[in-house]
Each structure stands twice: as C-alpha cells, then as structure tokens.
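Colleague: I would like a close look at one part of this model, the place where the two chains meet. Please set it in the context of the chains on either side.

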Amino acid sequence: MAAEQTATGYIQHHLQNLAYGKLPAGYTRADGTVLSESTWTIAHSSQEAADMGFWAVHLDTLGWSIGLGLIFCLLFARAARKATAGVPTGFQSFVELVTEFIDKTVKDTFPHRNSMVAPMALTIFVWVFLMNLMDLIPVDWLPLAFAHGTSAITGADPHHVYFKVVPTTDLNATLGMALAVFALMICFSVKEKGLLGFVKELTLHPFHSGKWYIDIFLIPFNFLLEAVSLIAKPVSLGLRLFGNLYAGEMIFILIAIVFGVGALGFIGAGLLQMGWAIFHILVITLQAFVFMVLTTVYMSMAHDREEEHAHDQ
Amino acid sequence: MNINLTLIGQSITFFAFVWFCWKYVWPALLGVMQEREQKIATGLQEAERAGKDLELAQRKAAEQLKEAKAQAAEIIDGANKRANQIVDEAKEAARSEGDRLKAAAQAEIEQEVNRAKEQLRSRIAALSVAGAEKILSVNIDAKAHDDMIEKLAAEL
C-alpha cells in the first residue's frame, strides 16, 4: 500500500481507526458525493471520522479488545473449570503462575477486604497484555488482510478501509478503562467512607485547622487541589498506557516505511524492527503491569480511611 | 484520534470482563490453589509423622533383634549343655554295660575254670586210682579209698 502513497499518507492511514458513525444530511463525502439525508456509515477518510463527532464507534478497537478479552475469559475459565488440586500440568500451571503472581502483588498493595480487586487486577493484566501484544504483529499484516478482504467482499476501495489492530493505541480504549477504574474509585470511596466522608476528604485536606470559621475559607483551595489530584489519576493512567503504545506503534510504522527504501533500507529496517520488537516485549509487559498495579493502588487509596482519621483529630 | 462512543463501549467491556473473572475465574482458581496448599501441608505433616514412626519401628526392631539373639544364644547354650549331658550319660551307660558284660564274662570264665578243675580233679582221681591200681596191682576198692583220693584231688 505504501508504494502508491506518500509516507505521510501511509502514517495517517495507519493511525486512523475503522470508525462507524452518523454523517449529517448535505455532507460532502470523501469521494465527492453529497448525502441527501443523514446516514449511519463507515468513515472513508479521517475527516469523515472526525466529523462524525462523539456518536461514533471504532469497530476495530472494540472488536479487538472484546475479542482478546473473550480469549482471556474463555482460556482462563476453561483452565479454572478443569483445574484440579493434584499436580498442575501444562496450561493450568501457567494460569496458576499468573494468578499467584497477581494475588501476591495485590496482597502487597491492597490490605483491605474486597474480593473484586484481585480478579480485576488479573483481568487488567492479562487483557491489557494481550491488547499490547497485538503491537508485535507486523504493522501491515492485519490491516492489509482486512482491507483487501473487505474490498473483495463489498467492493470498497481498500485505500479507504482503515484498520487499527492494537486497541491500546486508541485513546478511547485506554481512557475508557481508566474511567471505569475512576468510577470504581469513587464508588468504593463513597461505600467505605460514606458520601460525607468522601466530600470531607475532598474539601478538608490537605489544609485543615480544626476551627470551622477558618476551614470555610480553606475549602476552595482544598477542593481545587484534591479535585486535580483525583482527576489526574485516571487521566495519567489512561494517557500513560496510550502514550507508550502509541509511540511504540509509531516507531513500528516508521520502520515499516524504511523497508521500502532500497536493499540497504530493507536490511536496516529488518534489524531495527527486530530490535524494537524485542525491546517492545518488555514495554508491553511493563505497561500492563503498571496499569494493573496503579489500579490496585487507587483501589487501596479509595478504601483508605487512615488519612481521614489522622487529620480529623 | 477522536474521542467518541468507543470510550463508553470500552468501559462497559471492562466491567463485563472484570465481572466474569470475578465470578467464574478467580474463585475457582484460587480455591484449587488453596486446596492444593492444604494438601501439601497435610502431606508434609504426614511424611514427618511417618518418618518418626519409621525411626521408632527401627529402634523397636533393633531391640527385638537383640533380644532374639540373646534368646538364641541362651537356647544354644542350653542345647550344648544338654548334649554334653546326654553324651556323659551315654558314656556312663556304656561303661556300666561294659562292666556288667565284663563281670558276666568273668563269672562265666570262673565257672568254666571251676568246671574244668572239677573235670580235671575227677580225671586225676580216676587216673590216680588207675595208676595206684597198676602200681599196687592190687584191686583197690574204689569205694573204700574214695575219701582218700578225694582229699588228694582237693590238694591239687
């Protein structure tokens, strides 16, 4: 595909998701046709995808993330169903290894009683790892296969079929997960400390004098500080994963461009690709681990009452 | 790079997978692992106990072996003594039997000697009578001189 495209076009093509959304009536499409009425359709250009606004979904992101999540669920559920207390063999011992590792990590960082946190950590670690792992598949394989497969079936122009394989390079996916974690944080905070306790935590820290007529004036500053630190948690969680994987994928794309630059470029790109992929194995595991640990730490903070008591006295 | 509905979709997916793992994967896996831990713990305990039992049994066996050896030695000793006794008894019996046989033989010999003496005496008496008859050429009344010959013979 790169042959008849500019490098910029190639990169942009790789960074565009397969978006499905609604285009308004009178909209001029990428091929010049004008829509007579608002239509739900698949975007044929980045501009179209952008014009679809918020009410659009990235079919590739959701498809891969759900597919990989299902693989995780089915494999682990199968292992769990077949697991015996005897000598563990093959896949069972692998699953138990992962489970034990997660259990240990969660026990180290999460001292409270909540049966949901450890399975959530396991889900995050394996799921995010699997999504990151898609980054190691050569960047053109799946998009090309999908584009040509689609054009063979529907007759669509393969150049207008976008396909991103790694869900974690889509900000929607990482922020979506981070928002879910954020929602859980607030839920558990309110559940553990009560609504009043949660509000108190937001308004009476870190500055607290103990005299109400002074505290009243401190509330806005406290709230500003606490709100920023609270919001910063999911944002940094989502952006960290996205940034690492996006950058990683970008480098793979740039290396892929070098493949087309003569024989020397081909060999050099091959070596670069291999080196970066090997390094990336570390990155994808580490990012999955970081996302998992930070989620557990946030959960632990949501359950923590110590701070509240320390400041209330 | 547009923020859109995918965000919400991903959140829902996240909750769904977490819920599934929470309900169907984690408890089963951890249950199995804890059960195995328990099994291993009891296994180790039992092994320890078995080791102690073995040591005890070995000690007991050694003791019994020692006892048996002592008993065997005692029995052998007794048997030896009894054997010696039997031999002695047999010797004694043989000796007395020998003595008895010897005595009987001697008695018989004595009897024979006596008989021979008796015969000899009678023959000598007869011979002496015959000799005296010849010498004296007289018919000696045997009966009259029997007493004298008898005395003569007894002197032999």
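Modeller: Confidence in chain B comes to a mean pLDDT of 90, with 95% of its residues at 70 or more. This is a predicted model, and its scores are ipTM 0.89 and pTM 0.77.

At the interface, 41 residues of chain A are in contact with 30 residues of chain B. On the chain B side, those residues comprise 20 nonpolar, seven polar and three charged.

One residue to look at here is A:Trp127. Leaving aside residues up to four places away in sequence, A:Trp127 touches B:Phe17 as well as A:Leu68, A:Gly69 and A:Phe72. A:Trp127 also belongs to the largest nonpolar core, which has 75 residues; along with A:Ala121, A:Phe125 and A:Val128, it touches the most other members. Helix α5 of chain A, residues 117-133, gives this core its largest share, 13 residues. Nonpolar side chains tend to be buried together in soluble globular proteins.

Now the chain that carries this helix. Chain A is built from 10 helices and three strands, and their order along the sequence is α-β-β-α-β-α-α-α-α-α-α-α-α. Its C-alpha trace spans about 70 × 60 × 40 Å along the principal axes. Chain A has 313 residues, of which 34% count as buried. Of the contacts in chain A that link residues at least 6 apart in sequence, 66% join residues at least 24 apart.

Another helix of chain A, α7, covers residues 171-203 and has 33 residues. A straight helix would reach 48 Å at 1.5 Å a residue, but the end C-alpha atoms of α7 are only 31 Å apart. There is a bend of about 110° in α7(A) at A:Gly194.

On the chain B side, helix α1 runs over residues 6-136 and includes B:Arg100. Why does B:Arg100 count as exposed? B:Arg100 has 10 C-beta neighbours inside 10 Å, and the cut-off for an exposed residue is 12 or fewer, so B:Arg100 falls in that class. Between B:Arg100 and B:Lys52, which are 48 residues apart along the chain, the C-alpha separation is 71 Å.

To return to the request: the contact between A:Trp127 and B:Phe17 places a residue of the largest nonpolar core among those that touch across the two chains.

Technical notes
Residues are numbered from 1 along each chain as its sequence is written. Chains are lettered from A and ligands numbered from 1 in the order in which they are written. This is a predicted model: local features need pLDDT of at least 70, side-chain atom pairs count only at pLDDT 80 or more; totals for chains, interfaces and linings use all residues. A nonpolar core is a set of buried Ala, Val, Leu, Ile, Met, Phe, Trp, Tyr and Cys residues joined through C-beta atoms within 7 Å. A residue is buried if 20 or more other C-beta atoms lie within 10 Å of its own, exposed if 12 or fewer, and partly exposed in between; C-beta atoms are placed from the backbone. Helices (H or I, at least four residues) and strands (E, at least two) are DSSP runs, numbered from the N terminus. Two residues are in contact if their C-beta atoms, placed from the backbone, lie within 7 Å. Ala, Val, Leu, Ile, Met, Phe, Trp, Tyr, Cys and Pro count as nonpolar, Asp, Glu, Lys and Arg as charged, and the others, Gly among them, as polar. pLDDT is the predictor's confidence in each residue, from 0 to 100. The expected span of a helix is 1.5 Å times one less than its number of residues. The bend at a residue is the angle between axes fitted to the seven residues ending there and the seven starting there.
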